[in-house]
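I opened the model to look up its sheet, its helix packing and the surroundings of its ligand. My notes are kept in the order in which I looked.

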Amino acid sequence: MATEQAESGAAGFQFQFTKEGEVPVLETPHLFGYILGPWHADDIIAIWNDKSTSRWMADPEGEPCNHEEYLENHSTHPSEVTDGRSFIFYTKEDRVPAAFSAFYDFDTSNSSAETSFCVVPSFRGRGFGTEVNGAAICYAFESTHFQCHSLFSTVVTENAPSVACTERCGYKKIGIRRETHRLEGRWYNEWLFDMLAGDWLAAKAAHPALSGIRILHDI
Ligand SMILES: CC(C)(COP(=O)(O)OP(=O)(O)OC[C@H]1O[C@@H](n2cnc3c(N)ncnc32)[C@H](O)[C@@H]1OP(=O)(O)O)[C@@H](O)C(=O)NCCC(=O)NCCS
């Protein structure tokens, strides 16, 4: 498998996109974040396909993610992926899969991207949602490869925990998208949020959970 000289981190560090060589690229107060690779298939598919998660994510009534589709989308060395980064987070304490976050559809014409996140049900309510949403935002704004200028996110207005995490990370409500989420025969409205780098830096300075986020390897 390909290896690449990381542009930050210890001198001589080689980023290996292999299960044996994987290193965390992000650290939050309670979690280590890894770039999704083929070997994370079982853990991440279980996270995405949980019904209490998928009901609030994009395309809630679509087919559940399967291994074939996952491997098609997550087997490329990150140095060749230019439209964003997807992360899986494991607890620092006992390396249990706990959460996912991502920024994606990076648009080079305006340096903007969209973000998304979710937490395994048994780990909710401990601040992990804020940590992993913040981690993806941090990477999008601060990694040398992206240096996003703005980010946006949509959240179903009735998804109160997600609205809380999204605002805490510095996102601002800029409007409502009407009837953009269809679930179980009902249409839901979504908040449209956006943020600039300054909003992220202010949120990071204000909340210990966010100031504890670090990029360990800028890939
Ligand atoms: C949204 C989600 C990631 C939050 O994860 P989490 O680890 O519980 O998040 P946190 O603990 O960091 O924060 C949750 C916040 O929501 C608040 N909250 C929880 N339930 C709430 C409710 N019913 N009403 C209002 N606020 C609520 C909590 O009080 C907390 O805010 P606080 O820290 O100010 O008290 C998680 O619920 C999830 O994965 N949901 C399904 C997928 C999803 O909705 N993803 C986002 C798609 S946009």
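The entries below go from the sheet to the helices and then to the ligand.

**Ground rules**

I am working with a predicted model, in which local features need pLDDT of at least 70 and side-chain atom pairs count only at pLDDT 80 or more, while totals for chains, interfaces and linings use all residues. I number residues from 1 along each chain as its sequence is written. My helices (H or I, at least four residues) and strands (E, at least two) are DSSP runs, numbered from the N terminus.

**Sheet**

I looked up the strand order first. The sheet is open, has nine strands with mixed pairing, and reads β9-β10-β8-β7-β6-β5-β4-β3-β11. I count two strands as paired if DSSP finds at least two bridges between them. The edge strands, each pairing on one side only, are β9 (172-183) and β11 (214-215).

Eight bridges hold β9 and β10 in the antiparallel sense, and Lys 172 stands opposite Asp 194 in β10. The two strands form a hairpin with two residues between them, and Glu 184 in the turn has a positive phi of about 50°.

Next, β8 and β10 run antiparallel and are joined by seven bridges. Ser 150 has Leu 196 in β10 as its bridge partner. Ser 150 in β8 also stands opposite Ser 112. How do β7 and β8 run, parallel or antiparallel? I find them parallel, with three bridges.

Between β6 and β7 I find seven bridges and an antiparallel run. Phe 103 has Thr 115 in β7 as its bridge partner. These strands form a hairpin too, with four residues between them, and Ser 111 in its turn has a positive phi of about 50°.

The last pair I checked is β5 (residues 85-91) with β6 (residues 97-107), antiparallel over six bridges. Here Phe 87 is opposite Ser 101 in β6.

**Helices on the sheet**

I noted that α5 packs on the sheet and touches β8 (150-156) and β10 (186-196), its direction making about 160° with that of β8. My contacts are residue pairs whose C-beta atoms, placed from the backbone, lie within 7 Å. My axes are lines fitted to C-alpha atoms, for helices over the stretch in contact, and angles run from 0 to 180 degrees between N-to-C directions. Helix α1 (residues 41-49) lies across β5, β6 and β7, at about 85° to β6.

**α4 against α5**

The axes of α4 and α5 come within 9 Å and cross at roughly 50°. The two helices are therefore oblique to each other; angles under 35 degrees count as roughly parallel, over 145 as roughly antiparallel, 65 to 115 as roughly perpendicular and the rest as oblique. I recorded the crossing as right-handed, the near helix being turned clockwise from the far one by less than a right angle.

Which residues meet there? Gly 129, Thr 130 and Asn 133 in α4 meet Pro 161, Cys 165, Thr 166 and Arg 168 in α5. By class I have two nonpolar, four polar and one charged, with Ala, Val, Leu, Ile, Met, Phe, Trp, Tyr, Cys and Pro as nonpolar, Asp, Glu, Lys and Arg as charged, and the others, Gly among them, as polar.

**Ligand**

I found 20 residues around the ligand, of which Trp 56, Arg 124, Gly 129, Ala 160 and Pro 161 come nearest. Near means a C-beta atom, placed from the backbone, within 6 Å of the molecule. The elements giving two or more residues to this shell are β7 (112-119), α4 (128-142) and α5 (160-168). With five residues, α5 has the largest share. By class the shell has eleven nonpolar, seven polar and two charged residues.

Conventions. Contact = placed C-beta atoms within 7 Å.
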